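This report describes the fold of one protein chain for a reader new to structural work. Please keep the sequence and the model in view while reading.

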Amino acid sequence: MATLIFLSNSTMKPSCRFLITRRTPGIFGSAKYHHTLTGDISRNEISFDHNKQFSEYPFGFFGFRSIINSTQKIFCIPIANFGPPRLVSGSSCGDRTRRRASRGVSVVASVASEVKEYSTSVETRVNDKNFERIYVHNGIGVKPLVVEKIDKDEDVLGEAASRIGVVVPDEGEKVNTENLEGVKGVEIGNSWREESEIEKEAWKLLNDAIVTYCGSPVGTVAANDQGDKQPLNYDQVFIRDFVPSALAFLLRGEGEIVRNFLLHTLQLQSWEKTVDCYSPGQGLMPASFKVRTVPLDGNKSEEVLDPDFGESAIGRVAPVDSGLWWIILLRAYGKITGDNTLQERVDVQIGIKLILNLCLTDGFDMFPSLLVTDGSCMIDRRMGIHGHPLEIQALFYSALRCSREMLTVNDGSKNLVRTINNRLSALSFHIREYYWVDIKKINEIYRYKTEEYSMDATNKFNIYPEQIPSWLMDWIPEEGGYLIGNLQPAHMDFRFFTLGNLWSVISSLGTPKQNKAILNLIEAKWDDLVGRMPLKICYPALEDEDWRIITGSDPKNTPWSYHNGGSWPTLLWQFTLACIKMGRLELAQKAVALAEERLAVDHWPEYYDTRTGKFIGKQSRLYQTWTIAGFLTSKVLLENPQMASMLLWEEDYELLEICVCALSKTGRKKCSRGAAKTQILV
């Protein structure tokens, strides 16, 4: 397969480059290789010469060919049709620590547009076992990134003003009220007010947490406590942690940092993993990255992006949710800014497909839900959530819906879109039917017959009634219900996991009736799930022997602390979105008011302890960025609830027509539309 070769222009001044490091032994030996791609980002001078050098490689290996211009440094040439080794992407910024001078810096698709002209279209191969294989015909296997300064003509607020105030629209400017039919019971208005001192402090702290790379903002650190002498990995930019920060910036009119974040994390997609030299599928997104300064010859230095795919994390677990959050944020960026050019880029389209390939790969599992290990999501320590945790399924469902919206539909992607539709139908039916519990369903499980062997079995997963915990019998309200935390053969995790349930409401993974019941349950059990600080990450906590066995006696996850029943203020923004969607704005206002009373006084902790969230978490980091961002995003949404419509999904009735709900001797049979609507809406 031929590969397009990049040749530098003799007038190009290297001002930014990608540093690619091979750290593990491979087919080329155990030596360390450094390759850099140089280009003038200020003048956007990258030339393409598709007639001069092409290389044919008969094997499926990836290598680099270094082309040395007489006046330039070495830069890397991708040789094969799939991605680079595990990489560190860097930019030779020297000792510069430029801050943002304006909001007119953005990353553009100039390279991608030129690549299209040289036959770099994304093709697919389909067979019975694997629905799609991605390759680039006569093109490059890695995704180009060019940063360009763009001077905007419009007036923007000064640096100081933009950091502490809300961006006020120009006179006559209209609020984007597109897709507002999804927001129930919300009066649409254009409400602008003076910010409180707490909000001003929060915006300042959020801006202080910004991480710059090559002079441009690329994310926010997890926590920014100047008094913390052991930050561990809290000084890194986490994909999941940055999402509320990104939404706060987007809702405020600052899209540059989000665009940069999406493109730079895309460059860090994993191709090689260092834990015992096992390589996962292409497309794994890192849990986090850190901007490091590395020394060069001649008292010079450069900045590099060093990703962590879990090989440095506690437990060494790769993040399943990072790629899902990345897709969700990409869609939010396009919805809020109205800029769809980012998601239309060739490299971004490839990135989406790589993530989907990783999630949709056929395996031994018979369920449409994703099978994952413990610690692979927000609960990133051993908490007995291995299997098919609700949080991952809700994010997976959302990412599939986002991808279906953003994928460019052509001959190469139509099979992928068909696969997405089939998975969405199967997943929604599976979760709605088997994860849902209320008084009626619990009584049904209580009377289950076991050891059923037939296609028509009621107790399909052989759940033993003795699994119903005693606390649940008295806890479940008459009006209300929720989606359980996990489902596997002979096992139901009846704990209430807040993020999974809230995101099921937001994404319409649950039925309209179920979504309403989830908020009814939160209201009925307010003291248990909210208490003095919203919101419990799960309920109830594991105690005594359960804690010792399931958590491995984890000293950080003691009962009612951290992931084991701790209260996490960052969940406020998901709760606010869910309440706005279901027309329960008063519940969100009540929760945000509770948080506002304490967060600033307590220095914005990561989490709170005890049954009611009375105390700051015993090992909680202060000035936790996603606590700050979650509060700010909630405040902006409450002031402008019409903006929530761009972050929500309504019921997709077309999926009901292809709802795969049962098996027969002749194979799968489909629900009729009427039967499916009855199942979903009644």
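**Basis and confidence**

This is a predicted model, in which local features need pLDDT of at least 70 and side-chain atom pairs count only at pLDDT 80 or more, while totals for chains, interfaces and linings use all residues. Residues are numbered from 1 along each chain as its sequence is written, and side-chain values use heavy atoms, with hydrogens and water left out.

The predictor's confidence in each residue is given by pLDDT, on a scale from 0 to 100. The protein chain has a mean pLDDT of 77, with 67% of its residues at 70 or more. Residues 94-182 have a pLDDT below 50, and this stretch has 202 contacts in the model beyond near neighbours in sequence; a contact means heavy atoms within 4.5 Å. Residues 661-679 also have a pLDDT below 50, with 24 contacts beyond near neighbours in sequence. Where pLDDT is low, the predicted coordinates should not be read in detail.

**Overall composition**

The secondary structure of the protein chain consists of 20 helices and 24 strands. These elements are DSSP runs numbered from the N terminus, with helices (H or I) of at least four residues and strands (E) of at least two. Of the 682 residues in the protein chain, 59% count as buried. Buried means under 20% relative accessible area, exposed means over 50%, and partly exposed lies in between (1.4 Å probe, protein chains only). Among contacts in the protein chain with a separation of 6 or more, 72% join residues 24 or more positions apart.

**The largest nonpolar core**

A nonpolar core is a set of buried Ala, Val, Leu, Ile, Met, Phe, Trp, Tyr and Cys residues joined through side-chain atoms within 4.5 Å. The largest one holds 156 residues, of which Trp326, Tyr482 and Phe575 touch the most other members. This core lies between domain 1 (196-321) and domain 2 (322-653), because both give residues to it; the domain bounds come from an automatic or database domain assignment. Leaving aside residues up to four places away in sequence, Phe575 touches Leu502, Leu519, Ile522, Trp526, Leu535, Leu587, Ala588 and Ala591.

**Helix packing**

Axes are lines fitted to C-alpha atoms, for helices over the stretch in contact, and angles run from 0 to 180 degrees between N-to-C directions.

| Helix pair | Angle | Axes apart |
|---|---|---|
| H4 (residues 239-251) and H19 (residues 625-639) | about 35° | 8 Å |
| H5 (residues 256-267) and H6 (residues 321-337) | about 145° | 11 Å |
| H3 (residues 197-208) and H4 | about 115° | 12 Å |

Between H4 and H19, the residues in contact include Pro244 and Leu247 of H4 and Trp626 and Ala629 of H19. Trp326, Leu329, Leu330 and Tyr333 of H6 meet residues of H5, among them Phe261 and Leu262.

**Two local sites**

How many residues of helix H13 (residues 498-507) are buried? Ten of its ten residues are buried, so the helix is mostly covered. The cover over H13 includes H6, helix H9 (390-406), helix H14 (512-524) and helix H17 (572-581). After H13 comes Ser508, which has a positive phi near 65°.

Asp306 belongs to strand E14 (residues 300-308). Asp306 counts as buried because its relative accessibility is 16%. Its C-alpha atom is separated by 6.9 Å from that of Arg292, 14 residues apart along the chain.
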